[in-house]
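Please read them with the structure open.

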Amino acid sequence: MKRGFGSALFLLVFAAAALAQQGAPPPAKAFATAPEISYDSVPNFLKLPKGLYLGEGIGVARNSKGDVFVYTRGGEASRLFEFDPKGAFVREIGKGLYGFQMAHAVRVDPQDNIWVVDEGTDMVIKFTPDGRVAMTMGRRPELAGGVRATPPPNAPPPPATPYRFGRPTDVAWDAAGNIFISDGYTNSRVVKYDKNGRYIKEIGTRGTEPGQFNTPHSIQTDANGNVYVADRGNRRIQVLTNDLTVKGVYDNVGAPWAVCITPGPHQYLYSSNSYPDNNNSRALNVSGEVYKMELDGTVVGKFGKAGKQLKEFSTIHAMDCRNENDLVVGEITAWRVQKIQLHPAVQTSRR
């Protein structure tokens, strides 16, 4: 048994070295040892009206009633759809809104307000539960020309301003209603605001040191107000205190494209190790899985692999884990949303 495990580990290390030489990312450090979690995918979960189609599965979130919100990049503009808990289409929110250009995230806060983060307009927009615009943060650039390019690694950092974003990526809140925004492709920072949108402080520049980021791509908070940042380009999750000081770094679960934290007295952290959205075939065997973790970084298990069939994942860009063993995930390159039902060997939900 020990010889077999040693041989498997040697082959994994050898394969990782070979893939690295080909430009593919290495496997996550936890890949070889993380237990597999059994799971299923609900076929044809979302039901769109005739003539209406889903674009890239960019953002997905649920409210307290179980309704599903999808922020998608379509052929002409980004659109925000709502579905009921069984996947039936309910409505479109904000059609033609000036702040919609290139979708990046949708989240629902504890009061069931719907927040979208638009990478193209550099805006974060809050909708009331009935779909009215309640607050905007950031400002759409006046000049035409599309989304700004990501700065090259050696570019000097742009001057950070409290109320302007540079291709922001996600939003989260703490129990007091403070707002945390990952900002993002251009600014490489996390910014904290109060519940009314007033600037408090920020952390981050582009780099690899603790407190620096390379594409902070997703953000979540736990019940104690700690902030978890998917530092995608650095292949790690950085954990910050509520006042934005570095508390820990988890570098064992690959490149976190999306993170999600469950509610309840015992919270878990999910992180998707996704392959690049350019369909690099060399990355298929070393990414695509989702890790379930304790908040201290201990890996509980993993599920999934890269692909475009049911129970396979094609660049998970967003996850909702409002129910611990009932997830909804949005995928870029498969243009879809899957509902995933986990079947852990030991049920971990607290009732």
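How many aromatic pairs does the count come to?

1. The count comes to 12 aromatic pairs, where rings of Phe, Tyr and Trp (its six-membered ring) pair if their centres lie within 6.5 Å, and planes under 30 degrees apart count as stacked, over 60 as edge-to-face and the rest as tilted. This is a predicted model, in which local features need pLDDT of at least 70 and side-chain atom pairs count only at pLDDT 80 or more, while totals for chains, interfaces and linings use all residues. Residues are numbered from 1 along each chain as its sequence is written, and side-chain values use heavy atoms, with hydrogens and water left out.

2. Tyrosine 163 and tyrosine 199 make an edge-to-face pair, because their ring centres are 6.4 Å apart and their planes stand at 70°. Tyrosine 163 lies in the loop between strand E9 (133-138) and strand E10 (168-173), and tyrosine 199 in strand E13 (residues 199-203), so the pair ties together parts 36 residues apart in sequence. Strands (E, at least two residues) are DSSP runs, numbered from the N terminus. Tyrosine 163 is partly exposed at 45% relative accessible area, and tyrosine 199 is partly exposed at 30%; buried means under 20%, exposed over 50%, and partly exposed in between (1.4 Å probe, protein chains only).

3. Phenylalanine 165 and tyrosine 193 form an edge-to-face pair, with 6.2 Å centre to centre and 85° between the planes. Phenylalanine 165 is in the loop between E9 and E10 and tyrosine 193 in strand E12 (residues 189-193), so this pair ties together parts 28 residues apart in sequence. Phenylalanine 165 is buried, with a relative accessible area of 6%, and tyrosine 193 is buried at 0%. Ring pairs link Tyr163, Phe165, Tyr193 and Tyr199 into a cluster.

4. Two charged ends sit over rings (NZ of Lys or CZ of Arg within 6 Å of the ring centre and within 35 degrees of the ring normal). That of arginine 232 is 4.1 Å from the ring centre of tryptophan 257, and that of lysine 302 is 4.8 Å from the ring centre of phenylalanine 31.

5. Strand E7 (114-118) has 5 of its 5 residues buried. Ile114, Val116 and Asp118 cover one side, and Trp115 and Val117 the other. E7 is joined to strand E6 (residues 103-108) by 5 bridges, in the antiparallel sense; two strands pair if DSSP finds at least two bridges between them. Valine 106 has valine 116 as its bridge partner in E7. E7 also pairs antiparallel with E8 over 5 bridges, and aspartate 118 stands opposite methionine 123 in E8.

6. Which loop holds threonine 121? Threonine 121 lies in the loop between E7 and strand E8 (123-127). Threonine 121 is buried, at 0% relative accessibility. A polar atom of its side chain lies 2.8 Å from the backbone oxygen of glycine 99.

7. An open sheet of 4 strands runs in the order E1-E24-E23-E22, with antiparallel pairing. Strand E1 (38-42) and strand E22 (316-323) are at the edges with a single partner strand each, so one side of each has no neighbour in the sheet.

How values were computed: Polar contact = N/O pair within 3.5 Å; in protein donor to acceptor, adjacent residues only side chain to side chain.
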